[in-house]
Amino acid sequence: MAYFPEVPKIAYEGPKSRNPLAFKHYNPEEVIEGQTMKDLLRFSVCYWHTFRGTGSDPFGSATLQRPWDDGSDSVANACKRVEVAFEFIEKLGAPFYCFHDRDVAPEGANLAESNRNLDAVAKVLKEHQQKTGIQLLWGTANLFSHRRYMHGAATTCNADVFAHAAAQVKKALEVTHDLGGVNYVFWGGREGYHNLYNTDLKRELDHLARFMHMAVDHAKSIGFTGQFLFEPKPKEPTKHQYDFDAAACLNFCRTYGLADKVKLNIETNHATLAGHTMMHELEFSRINGALGSIDANTGDLLLGWDTDQFPTDVYLTTQCMLVILAQEGLAPGGINFDAKVRRESFEPVDLFYAHIGGMDAFARGARTAAAIRKDGALSGFVKKRYRSFDEGIGAKIEAGTVSFADLEKYVLEKGQLAPNESGRQEMLENLINDYL
């Protein structure tokens, strides 16, 4: 049965096309810096927003029309949803998908029933993966929706809830491994606190670290060699999230001996909620050897919450790709569209329009970033700006061969300091616009 009969397989038609169901810029076979767009961008469709989103918000009920969904939380309905998902992903031409355990299979009355439900749906997922060649980029566990996680999962004050969360991640890891997933994400939806009066901060951080180490140990025991990813996520739903931004996550990993075991999955909307740009979070992760994967979306800067909109800003995608190309791609990570159509975009075809726009935006960003890098105008300026550290006293500072006393002597003897030069921010911003 076809669930999107009016939509053909999305093809690349080039920038002159006016067909809304065609790629104008994403050409999967086009080579950028030695990689095809398909291999460089590694696009992934998220299961939760795309196939489970309803368009509901705090002020209104569901709006999205999903004719394939019978409204039940049954395993049979979940299995039908797999057919829908793979038809959509195959027509879109994305090579990957991502899921939380509770996205693909319903929660049962107890852990045993939940595991059986997940096994039943995972069997269908595996069959469709084998039939279509679509792969699992990463899996994760939903440790935030059920009321048992009101105080957190790995950071809960309730040891039984901690144990349940561990068992849930154990199963999610096993299913991810069985489905050939190449990453597993720690997504701390409720790992934080609202009030320090009732919180043992150190104990909660210790428990979170213990939890992640146990996950890494279990992965080894089952032969899972995929990459672990930690996703920075500030402000929601708790006042303080332990995984606030890339710096906080990396500091946590270093403190608790996880730095060589876990990389980061960076999301645009989370970066802006933390008061950073996406480029900052990506570059900070990259220079620390920790950029593993990204969730591609954007937020509305006039709204103070995680709106998870599809990325269409080529300036943003160019900045992303400047960093991604600097480390020669994201593999085994990828670009996952953790984004949802607006509640007013309620017809199924709107899912195609949204993903096409996001894929085209990143394709344009990749092409633009590659052109900037090829010309070397940006990197050349930066190199020149720091040239005083390439020789003389600057080189000695970087080599660690001088002390404060040495530097005092140097300044006293030199007398007149070398003058500062303009940072040329406006010129460089204009330069980027020239390529756009």
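**Cavities, pocket and strands in a predicted model**

Trainee: Which residues line the second largest cavity?
Mentor: This is a predicted model, in which local features need pLDDT of at least 70 and side-chain atom pairs pLDDT 80 or more, while totals for chains, interfaces and linings use all residues. Residues are numbered from 1 along each chain as written, and side-chain values use heavy atoms, without hydrogens or water. A cavity is a set of points on a 1 Å grid over the protein atoms alone where a 1.4 Å probe fits but cannot get out, and a lining residue has an atom within 4 Å of a point. The lining of the second largest cavity is made up of P232, K233, P234, F244, D245, I266, E267, H270, A271, A274 and E281.

Trainee: Which elements each supply at least two residues of that lining, the lining of the second largest cavity?
Mentor: Elements here are DSSP runs numbered from the N terminus, helices (H or I) having at least four residues and strands (E) at least two. The second largest cavity holds about 40 Å³ of space, a volume being what is filled by probe spheres set on grid points joined across faces, edges and corners. At least two lining residues each come from β12 and α9 (268–273).

Trainee: How many cavities of 30 Å³ or more does the search of the whole structure find, and how much space lies in the largest cavity?
Mentor: The search, which covers the whole structure, finds two such cavities. For the largest cavity, the space comes to about 150 Å³.

Trainee: Which residues are closest to the centre of the largest cavity?
Mentor: Strand β8 and helix α7 (201–222) are the elements that give two or more residues to the lining of the largest cavity. That lining has 17 residues, and the closest to the centre are L143, F186, W187, G188 and E191.

Trainee: In β12, which residue is the bridge partner of F230?
Mentor: Strands pair if DSSP finds at least two bridges between them. On one hand, β8 (residues 183–186) pairs with β10 in the parallel sense over four bridges, with V185 partnered by L229. On the other hand, three bridges join β10 in parallel to β12 (residues 262–267), where the partner of F230 is L264.

Trainee: Which residue of β6 stands opposite C46?
Mentor: Strand β5 (residues 43–46) sends F43 and V45 one way and S44 and C46 the other, and all are buried. The strand pairs in the parallel sense, over three bridges, with β14 (residues 335–337), where V45 stands opposite F337. A parallel pairing of three bridges also links β5 to β6 (residues 96–100), and there the residue opposite C46 is C98.

Trainee: Which residues are closest to the centre of the largest pocket?
Mentor: A pocket is an open set of points with protein on both sides within 12 Å along at least five of seven lines. The space in the largest pocket is about 1300 Å³, and α2 (47–52) and α4 (101–104) are the elements that give two or more residues to its lining, the largest share, three residues, coming from α2. Among the 42 lining residues, the closest to the centre are H49, S56, D306, D308 and K340.

Trainee: Why does N142 count as buried?
Mentor: N142 sits in the loop between β7 (135–140) and α6 (159–178). Beyond its neighbours within four places in sequence, N142 is in contact (heavy atoms within 4.5 Å) with H100, D101, R102, Y149 and Q168. N142 counts as buried because its relative accessibility is 9%.

Trainee: What is the relative accessibility of S114?
Mentor: S114 belongs to helix α5 (residues 111–132). Leaving aside neighbours within four places in sequence, S114 is in contact with R102, P106, E107 and G108. S114 counts as buried, with a relative accessibility of 2%.

Trainee: What is the relative accessible area of S388?
Mentor: S388 is in the loop between α13 (377–385) and α14 (392–399), and its contacts, apart from neighbours within four places in sequence, are G394 and A395. The C-alpha atoms of S388 and A418, 30 residues apart along the chain, are separated by 9.3 Å. S388 is partly exposed, its relative accessible area being 48%.

Methods: Buried means under 20% relative accessible area, exposed over 50%, partly exposed in between (1.4 Å probe, protein chains only).
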